[in-house]
Amino acid sequence: MTSSPAPISLGHDRTGTDAFLDLPELLATRLLVQGNSGSGKSHLLRRLLEQTARLVQQVVIDPEGDFITLADHYDHLAINVETQSEAALQAAGERARIHRASVILNLESLEAEGQLRAVGAFLNGLFEAPRAYWYPVLVVVDEAQLFAPTASGDTSDEARRLSLGAMTNLMCRGRKRGLAGIIATQRLAKLAKNVAAEASNFLMGRTFLDIDMARAADLLGMERRAAEAFRDLERGQFMALGPALSRRPKRITIGPVTTASRGAGPLLMPLEKPVVPVEELRDLILQDEPEFAPRPRREPPLPAPDLLAQLDAYADRRAHEDSEETISLQAQEIDASQIWELVCETTGDEKSYFNSLATLYQDFQMRARLHGYPRSILDMNAFRRMLGSVRSGISHTDSLSEEWQDILRRSEDLPEDLQAFYLLLAQAARIGAPCPSDEKLARLYGTHSLSRARRQLHYLEEREMIILRKEGTRRAVAIIGPAWQTTFD
Ligand SMILES: Nc1ncnc2c1ncn2[C@@H]1O[C@H](COP(=O)(O)OP(=O)(O)OP(=O)(O)O)[C@@H](O)[C@H]1O
Ligand SMILES: [Mg+2]
């Protein structure tokens, strides 16, 4: 099966050409959307959410309850914050990451003060999730000026600080944690500067006020006069700029959406797949499932039973969907070399060596989905093993050989973080290449410390996996078992 990846299109440019969005790039570089009321920001966010719903986890901070209709058609869990305590919301934020649940935080029933507290607590929960769960998430915040305001309003200082702090964390420190902020605002001049400044992608819609236009021009590095053009944009038109959108400012028109904004009435277009009736869904969700996700090392504060039950049910449903996908895939031919290629793509650049396994695995799953494979095509352990082989430099064909399979079995006895390290040595020895340098070994071990990498060689020797030979400052390694040897480096 080789269906080509489905590109994500936000709409089209002046020439009618698709305006594509580079999702992996967006995850790393964040997005700011600005435009006056009615310019089409919420429509744009909806388009983006719909196009990426099946590819990446999403969290939507929804002050108006605009986006809850997405929950009817995708996997989002709508959380009505009115009934939840702050502690419960923080716990829910953490749990949403652990279960990788897409969530819509519906704030419409709260006063401004309560909205700030709820958003602060939930975002902090996302931020505080244990490192093992730092999978990429799109965090979409509509009306972001409410949650990261420049000036104090009617709300208490405490609530404002909580929310502003969480928004600042999201935009300034979230990337490492896999949190990709996408924020939209009517009034750029009312949005805290440090929050806006961290986005590298911009979609600027119709803007009338000089002060907003000036801020937009500053952010985009444009002449203020050039920003006058923002006045002439039509509803649904935006100037796009940034690494995930376009290298030069480009005017685009946002395309249609499939789900309706709640105010605009019911769904108008046919769905991709039939909606399961609620009662059936309940049975589906509550049926017994094997253990789905490991519990966090550190328990989040005060559990909120209802919400957590919902999140657990969500996880169960996802597990069920994945297993169904796997079954349907058995009928199709799986192209093993293509899976190998997808794993190669996740480790394309130097930086990837310092990413967590969870992040790389999520990246792989997204690529697999883009090629029409289910997320579960490789489980995390199988992915880790294949990644180790890929990083050793062996070819796909050679990796299938009996001798390499034997090496893989031997590597299984080692701690996980040393397996790829061992495979790198094994491959160098297999082809009689020089012993890998300290730098190469350190990178593979995910450390910048050369001495730490060298210590691992001694550890492997103690474990009787390798024999280390020295000639002055040069060294060579022999692999116990197949008796392959590297040359001296
Ligand atoms: N690209 C588009 N194509 C078709 N309709 C659009 C488009 N963009 C916006 N609209 C329609 O225009 C109206 C206003 O858009 P939207 O609600 O997205 O504006 P907004 O910028 O979010 O405004 P506010 O700041 O007041 O929330 C909606 O009815 C929406 O459906
Ligand atoms: Mg809106």
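**Close-up views of a predicted model**

Figure 1. Although R100 is not a glycine, its phi is positive, at about 50°.

**Figure 2. E464, an exposed residue with positive phi.** The loop between helix 19 (450-462) and strand 12 (466-471) contains E464. Its relative accessibility of 60% places E464 in the exposed class. E464 is not a glycine, yet it has a positive phi of about 60°.

**Figure 3. The crossing of helix 4 and helix 5.** The axes of helix 4 (residues 86-98) and helix 5 (residues 112-128) come within 7 Å, crossing at roughly 35°. The crossing of helix 4 with helix 5 is right-handed. From helix 4, the residues E86, L89, Q90, A92, G93, E94, A96 and R97 take part; they meet R117, A118, A121, F122, N124, G125, L126 and E128 of helix 5. By class, the residues of this contact of helix 4 with helix 5 comprise 7 nonpolar, 4 polar and 5 charged.

**Figure 4. The packing of helix 5 against helix 7.** Helix 5 packs with helix 7 (residues 157-173) at an angle of about 35°, and their axes are 8 Å apart. Here the crossing is left-handed. Helix 5 contributes E113, L116, R117, G120, A121, L123, N124 and F127 to the contact, while helix 7 contributes E158, A159, R160, L162, S163, A166, M167, N169 and R173. The contact of helix 5 with helix 7 divides into 8 nonpolar, 4 polar and 5 charged residues.

Figure 5. T168 is a residue of helix 7. With a relative accessible area of 18%, T168 is buried. When neighbours within four places in sequence are left aside, T168 is in contact with R173, N194 and V195.

**Figure 6. R187, a buried arginine in a loop.** R187 is located in the loop between strand 8 (179-185) and helix 8 (193-197). Its relative accessible area is 19%, and R187 is buried, since the limit for this class is under 20%. Not counting residues up to four places away in sequence, R187 touches Q34, Q145, L209, I211 and D212.

**Figure 7. The buried face of helix 16.** In helix 16 (residues 402-411), the buried residues are W404, I407, L408 and S411. Viewed down the axis of helix 16, these buried residues fall within an arc of 100°, so they line one face of the helix. An α-helix has 3.6 residues a turn, so residues three or four places apart point the same way. Among the elements that cover the buried residues of helix 16 are helix 14 (380-392), helix 15 (396-399), helix 17 (416-430) and strand 13 (474-479).

Figure 8. C172 is partly exposed, with a relative accessible area of 32%. C344 is also partly exposed, at 23% relative accessibility. The whole structure contains 0 disulfides. The protein has 19 helices and 13 strands, and buried residues make up 53% of its 489 residues. Of the contacts in the protein with a separation of 6 or more, 72% are between residues 24 or more positions apart.

Methods:
Residues numbered from 1 in each chain as written. Chains lettered and ligands numbered in written order. Predicted model: local features only at pLDDT ≥ 70, side-chain atom pairs only at ≥ 80, totals over all residues. Heavy atoms only, no water. Axes fitted to C-alpha atoms, helices over the stretch in contact; angles between N-to-C directions. Helix = DSSP H or I, 4+ residues; strand = E, 2+ residues; numbered from the N terminus. Left-handed = near helix turned anticlockwise from the far one by under 90°. Contact = heavy atoms within 4.5 Å. Nonpolar A, V, L, I, M, F, W, Y, C, P; charged D, E, K, R; others polar. Buried < 20%, exposed > 50% of the residue type's maximum accessible area, 1.4 Å probe, protein only. Arc of directions from axis to C-beta. Disulfide = S-S within 2.5 Å.
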